[in-house]
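Here are my notes for a first reading of this structure. Please keep the model open beside them.

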Amino acid sequence: MTRLPIPEVVVAVAGVGLLLAPFMLGNYWIRVLTTMFMFAALASATNIMAGYTGYPAFGNVVFFGLGAYATGLAMTKLRAPFWLGVVLAAVVCCLYAVVIGFPVLRLRGHYFAIATLGMNEATRALVENVAFTGGGMGLSLPVQRGEVDALNRHFYFVMLGLVAAAVGATYCVTRTRLGYGCLAIRFDEDAAGSCGVPTTRFKVLAWTLSAVLTGMAGAAYANWVGYIEPRAVFDMNIAVKMFVMMLLGGAATVFGPLLGACLVELVGLMAWSQILNYHSAALGVIVIAVVIFVPGGLMSLRRGLSIRLLLDNVRASRL
Amino acid sequence: MLILQLTINGILVGGLYTCIALGFSIMWGVMNLINLAHGTFIMFGAYIAFLLFTIGGVDPFLAIPAAAAVMFAVGYLLQRGVINLVIRASVFLTLILTFGFDMLLVNVLLVLFSADTRSVTPAYSGVGIHYGGVVVPYVRIGVFVVAITLTYLLHVFLTRTKLGNAIRATSFDREAAEMVGVDVARIFPMTFGIGAAMAGAAGALVAITYSISPVLGGAFTMKAFVVVVLGGLGSVPGAVLGGLTLGIVEHLSTLVVPPRYQEGIGFIVLLIVLLLRPSGFLGKPFYAEVKA
Amino acid sequence: MPAPRKVLEGHNVGKTFGGAVALTSLDFHLVHGEVLGLIGPNGAGKTTLINIVSGYLRASSGTVTLRDRVISSLPAHEIARAGIARTFQTVRPFMGMTVEENVLVGAFFGAARRTDDRHPRQRVDDALAFLSLTSRRDDPVNALTIADRKRVELARALAMEPQVLLLDELMAGLNASEIDQTIALVRDINRLGVSLIIVEHVMEAVVGLCQRIIVLHHGQKIADGPARMVLDDGRVIDAYLGSRYRDRVRGLEGKP
């Protein structure tokens, strides 16, 4: 179902390049790439649930926040090492997705999207108002030991590993029964059931996978940034970015979210420096343009870009 | 006595909630469009009232028609120009689109007004009815009365006018409506315009009730959600029930949980309703099965 | 001769939607290897019965058993894995997929009890060949005609290796020659050993394929027996077929 769209040689060269990059670039660019990788991982995770399974988990950022706080609390209260914090983040997100998944996944379409939004907001409100988590004042993680350059490289590789895991997981899913089942659910859930697809189980599985990947990204983020607060990690702006990157790159494709993340981050970089005040507006305009002209994302342009294609896209969705 | 005060506060703010939710509800019910920029439309209306008040000394209640008119134009053009292009797209595309608009509109407001909070405080703000330990500010009563009146006017419009009935028919079954001669391509911009106008009017009321800032729109969008889900999609009486219920629950809940959880209460209510009865009090069950 | 095995049985099956009664105390059975016709006016409850057997809907009362295993309480996908496949009245293949991918879903998730150990891909190839879709395997389904989409749906169902196949108005919308081809196709499927229940309005198919017929009217069974007998039954003619049909059939058969 998915063949690599580019020759293996190119991938290998790019891979080596990515591995060597942090030793050759300055700290600024290392941080840029690290952020890009994080968002690529997030967009890929979203893709598994929203792109392949067709369930628009708009509030999936809740797992980002949960992962961040799970790690943060583990490292501050339990003096746990980083890797254990990540594992804990994965476990917490897994449980959350499974427990809340069964009732919430009975909803479809808009209602499911709203429910996940509500989940995010409710969880944020909870974390904000409980003293244990530091409340609205946020949580500071233990300071990382080591010199700046080495730390930057460390997190670069952590995020690189995450995006590799996310893309890899997506690739594996597409090759297995789970992938076909999820697509069937997306295209026609009832018909899928009558073909023998265990819809509830697969939906929960897909969401759990998505949640765990998102949570691990949150854990890495918390450690990288060193300080988290509810409004920053349960942030709908992150949620929107995840979705936009997935859509821009191409939902239900393996590499689409990666492409989308790179593009949005690079554009954001340029916009940030030129038009500081209009950062949100610029992102908003990009979103609007993507939705209208390229709803299939960049991956859908593989067969060629033309004005004709853009106009066809508009015509297909209009009233 | 405290319970009485809280209940009255709840009812009064519930009326405002109803008004806030109406525009959102008709956009969703008729066009299957969840407008994440709704809260910011409300903020636009609020700022229009604010401008008229600070520059022209116009009483905010009188600013309502102006806010409504301006937002109607904005909504109509927006729908005609842009949203019409993606109306058949999937759920998250339309969600993302309206969120994109929200980002754009919030940015515009931030540039124009900065993030500082503003208030609209007419001369009669502090005065109210005092009766047996219960205080009811005149402003709140005014807001409630206006909100309910606007709700009633919308209801009359939807049920007694030709255009209104055409809109309702489209919300029940778009294809059937087309087959009996409703020009759906004209209905959608009208509906969006009316929804935006309601948001604008609600915005003027919001300016009287709360301090406003460009970034507060999201909270109102969420409130609109809860009200619509509670009361049922596509039902004006449902919105009334939903709004009043939310207002009362929010205020009475302060008896058992600290006030800072009030925001969270709304979401908990939302989640409970979605899981137990997605169609709400008076809504139609089939709306719960929207194809993505 | 041993008594014919019943592969599917329903006892006292009833279904109400809110206040409306769709099915009342229905008893039915399907014999192994037979083709059972399910006919009646629109709204009689035919699709409702199919939906209940396949698990798309839950019965309000009564039970359905598949070879002594009660399936009426199982979710749809379990029933599918137990060996029941179906097609839909409004053709529902997976629109975003190719022909082959559609059939793959059936192969991957179909009956748990396999009659052989063919690899899923092999089952897909066989199903495609059976439906003459091999050359079209990479075509996206949304580019196909309705008739071809029906073949895809059938191929998907066959790839599931069902014991029982439920066909809901398969002939609807087909022209005369397509109907003839499809009748032959269903006969071939039956010869593979699949027992069938077909819901049909196209009487030519019913007469050509069914050994037995059940007639539903207002949610109740008004006839159940060998095809010839049922089609001649006065009540059935009054309720559904019409006397002109009876006369035409008799005329064709040379009866007075």
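1. Begin with a gap. Chain B and chain C do not touch. Their nearest C-alpha atoms lie 12 Å apart. Keep in mind that this is a predicted model.

2. Now the contact between chain A and chain C. Chain A gives 17 residues to this contact, and chain C gives 22 residues. On the side of chain A, helix H7 (177-187) and helix H8 (189-194) each supply at least two residues. H7(A) provides the largest share of that side, with six residues. By class, the side of chain A that touches chain C holds nine nonpolar, five polar and three charged residues.

3. H7 of chain A also matters for the next point. The buried residues include C:Val103, C:Leu104, C:Val105, C:Phe108 and C:Phe109. Among them are also C:Glu100, C:Glu101 and C:Asn102. What covers the buried residues of H3(C)? The cover includes H7 of chain A, together with helix H4 (120-130) and helix H5 (146-159) of chain C.

4. Chain C is assigned two domains. Domain 1 is 1-74 + 164-256, and domain 2 is 95-162. Taken over C-alpha atoms, the domain centres are 25 Å apart. Their contact takes eight residues from domain 1 of chain C and six residues from domain 2 of chain C. On the side of domain 1 that touches domain 2, strand E7 (164-168) and helix H6 (176-191) of chain C are the elements that give two or more residues. That side of domain 1 divides into six nonpolar residues, one polar and one charged.

5. Turn to chain B. It has 11 helices and two strands. Along the sequence, the pattern reads α-α-α-α-β-β-α-α-α-α-α-α-α. The radius of gyration of chain B is 19 Å, close to the 19 Å that the globule rule gives for 292 residues, so chain B is as compact as a globular protein of that length. Along its principal axes, the C-alpha trace of chain B spans about 60 × 45 × 35 Å.

6. How much of chain B is buried? Of its 292 residues, 54% count as buried.

7. One helix of chain B deserves a check. Helix H8 of chain B runs over residues 184-209. At 1.5 Å a residue, its 26 residues should span 38 Å, and its end C-alpha atoms are 37 Å apart, which agrees. Is H8(B) enclosed or open? Of its 26 residues, 22 are buried, so H8(B) is largely enclosed by the rest of the structure.

8. Finish with the largest nonpolar core. It holds 300 residues. Those that touch the most other members are A:Ala41, A:Met159, B:Ala49, B:Ile96 and B:Leu205. This core draws at least three residues from each of domain 1 and domain 2 of chain C. Leaving aside neighbours within four places in sequence, B:Leu205 is in contact with B:Leu16, B:Cys19, B:Val143, B:Val146 and B:Ala147.

Terms used: Residues numbered from 1 in each chain as written. Chains lettered and ligands numbered in written order. Predicted model: local features only at pLDDT ≥ 70, side-chain atom pairs only at ≥ 80, totals over all residues. Helix = DSSP H or I, 4+ residues; strand = E, 2+ residues; numbered from the N terminus. Rg over C-alpha atoms; globule rule 2.2 N^0.38 Å. Buried ≥ 20, exposed ≤ 12 C-beta atoms within 10 Å, placed from the backbone. Domains from an automatic or database assignment. Contact = placed C-beta atoms within 7 Å. Nonpolar A, V, L, I, M, F, W, Y, C, P; charged D, E, K, R; others polar. Core = buried A, V, L, I, M, F, W, Y, C linked by C-beta atoms within 7 Å. Expected span 1.5 Å × (residues − 1).
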